[in-house]
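Visitor: Could you walk me through this model? I would like to ask things as they come up.

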Amino acid sequence: MDSALIPKGVKRCPLWQFLLFIGAAGIVLLWGVYAMFLCWFKGLNQTNMNDYYGFALWIWADLAVIAVGGGAFFTGLLRYIFGKDALKNIINYAVLIGFICYSSALLILAIDIGQPLRGWFIFWHANVHSMLTEVAFCLSCYFGVLTIEYIPLILENRQIDKVPFFHHLGHNMHEVMAVFAATGAFLSFFHQGSLGGVAGVLFGRPFAFREGIFIWPWTFFLFTWSAAACGPCFTILVTKITEKVVGKKLVKDYAIELLAKISGWMLLTYTIAKFIDTWYWATVLAPSQGFTLMDFYTNNPLYGIWILITEIAICGLVPAAILMTPKGRKNPVALWIAISLAVAGVCLNRWVMVLQIMAVPVMTFDNWVLYFPSWQEVATTILPVAYGVILIAISYRYLPVFPNEAELNPIEPLPAEEAEEKSVEPPVDLELELKPAEA
Amino acid sequence: MFPFNFEWIWDMGHVVFMGGLWYALTILGIGMTYCIIKAAIDASKDNGDPHH
């Protein structure tokens with residue numbers, strides 16, 4: 001029924017099967033939307049936030065999706081600014097994943113502010129002394145960049161591309177994409193960093209407080225670095241999951257391996273920097289404020305020292321070692337393990353920097369207080385996942401997301417394509433037939 | 001926020017923050033305007049040459 005919309009040379013599942021899949025994801029989406037409206041209409045009392053925890057679960061989800069969405073800006077930087085042409089096979093998908101991550105992040109913020117109709121206040125009545133203002137500015141602008149990068153992909157749909165204006169618009173946008181990609185990298189550097197900066201400037205929270213350069217604490221640079229290192233791993237992870245779901249190879253190995261190799265080196269350098277930062281904090285900074293390292297990790301079931309070892313060693317050094325070596329990244333099982341660990345590591349880092357900061361007691365009369373989110377928080381945190389699945393499914397079905405898919409999975413042409421090709425052929429045949437008559 | 005708003009103060013914070021925002025928005029705006037106008041011109045040329 002919808003074969004005229006499906007890209008040329010590729011095969012898709014029957015429409016009923018596609019709609020069934022969308023329907024299943026749609027039910028989860030509606031659950032999240034219901035929780036979202038509860039938060040908007042009844043207020044933030046729908047969450048379990050309290051005097052200890054001023055951030056709901058979705059703030060962790062917000063920071064995590066922004067970190068893993070960093071694959072879009074870093075892949076774009078490598079492709080358009082550093083000229084890594086092999087990445088053209090995966091850049092579309094990186095942009096789509098980034099678009100989903102950043103639109104989800106903005107949606108989460110719209111829930112968090114409680115009054116989304118007043119969201120524009122942050123632009124008009126900006127507090128220029130707040131790092132979160134910088135985050136809001138750069139996040140919104142970068143979402144604009146991702147939308148601009150996603151539009152040419154939509155315009156390449158078979159039917160839309162037939163309209164001359166849209167055909168040329170997509171072509172022109174491709175031509176100047178390097179300008180947009182450079183702007184996106186600039187914006188990403190600052191908003192990724194400022195999210196880390198928010199934690200680093202909290203001098204009342206010795207677990208998070210760091211020194212730094214000028215107004216930027218070290219956490220500013222560590223957040224940007226980790227997003228650039230682990231974002232591409234998330235792009236590879238989602239690509240591999242998509243390949244498993246559709247049962248096809250979608251991206252050539254050399255593109256995946258190049259991205260994995262760059263991620264591996266970025267991850268190694270980030271892990272070394274994180275280790276130095278942690279060492280200095282544990283031995284110099286925290287003691288200068290009257291704390292020892294174990295004050296931040298003991299006497300509770302959730303935040304033991306294991307969390308620090310897991311983040312730096314298991315989710316940092318291990319995936320870096322696998323991805324850096326040709327043998328490691330060429331082995332499918334090792335690659336799966338490495339990219340999964342890297343993504344888990346950056347999500348764990350954001351968890352620590354959002355929730356553990358508030359769990360650690362800072363006053364002598366304080367206790368460790370663990371946080372249990374309400375179902376509304378869980379539902380609104382799962383909401384972006386369902387939304388992402390739906391948008392990926394629709395984009396995969398109707399847009400040429402993977403340029404190598406037809407080449408990697410050759411098929412017989414669909415009836416609609418054959419009919420289309422035949423409708424183009426007659427003028428040429430007529431011309432050839434007319435020549436003898438003219439002669 | 002613009003310099004003509006009552007909250008505006010001519011200090012480093014406002015100039016850097018708001019300057020950065022308007023700088024980024026200007027690049028995106030000019031880039032998209034260029035693409036749209038050029039696409040309209042190219043499409044109008046195509047109408048005169050259907051074999052493009």
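Visitor: To begin with, is H8(A) mostly covered or mostly open?
Guide: H8(A) is mostly covered, with 18 of its 24 residues buried; a residue is buried if 20 or more other C-beta atoms lie within 10 Å of its own, exposed if 12 or fewer, and partly exposed in between, with C-beta atoms placed from the backbone. Helices (H or I, at least four residues) and strands (E, at least two) are DSSP runs, numbered from the N terminus. This is a predicted model, in which local features need pLDDT of at least 70 and side-chain atom pairs count only at pLDDT 80 or more, while totals for chains, interfaces and linings use all residues. Residues are numbered from 1 along each chain as its sequence is written, and chains are lettered from A and ligands numbered from 1 in the order in which they are written.

Visitor: Where does H8(A) bend?
Guide: The bend is at Ser194(A) and amounts to about 25°, taken as the angle between axes fitted to the seven residues ending there and the seven starting there. From first C-alpha to last, H8(A), residues 177-200, still reaches 34 Å, close to the 34 Å expected at 1.5 Å a residue; the expected span is 1.5 Å times one less than the number of residues.

Visitor: And what about H13(A), where is its kink centred?
Guide: The kink in H13(A) is centred on Val352(A) and is about 35°. This helix covers residues 332-359 and reaches 39 Å, close to the 40 Å expected.

Visitor: Which residues have the most contacts inside the largest nonpolar core?
Guide: They are Cys230(A), Ala342(A) and Val343(A), in a core of 128 residues. A nonpolar core here is a set of buried Ala, Val, Leu, Ile, Met, Phe, Trp, Tyr and Cys residues joined through C-beta atoms within 7 Å.

Visitor: What is Val343(A) in contact with?
Guide: Leaving aside neighbours within four places in sequence, Val343(A) is in contact with Val68(A), Cys230(A), Cys233(A), Phe234(A) and Leu237(A), where contact means that the C-beta atoms, placed from the backbone, lie within 7 Å.

Visitor: Why does Phe214(A) count as exposed?
Guide: Phe214(A) counts as exposed because 6 other C-beta atoms lie within 10 Å.

Visitor: Where is Ile154(A), and what does it touch?
Guide: Ile154(A) belongs to helix H6 (residues 131-155) of chain A, and beyond its neighbours within four places in sequence it is in contact with Ile160(A) and Leu399(A). Ile154(A) is partly exposed, because it has 15 C-beta neighbours inside 10 Å, whereas H6(A) is mostly covered, with 20 of its 25 residues buried.

Visitor: And chain B, how many helices and strands?
Guide: Chain B has 1 helix and 0 strands, and of its 52 residues 12% count as buried.

Visitor: How many residues of chain B meet chain A?
Guide: There are 22 residues of chain B in contact with 24 residues of chain A. The chain B side has 15 nonpolar, 3 polar and 4 charged residues, where Ala, Val, Leu, Ile, Met, Phe, Trp, Tyr, Cys and Pro count as nonpolar, Asp, Glu, Lys and Arg as charged, and the others, Gly among them, as polar.

How values were computed
Contact = placed C-beta atoms within 7 Å.
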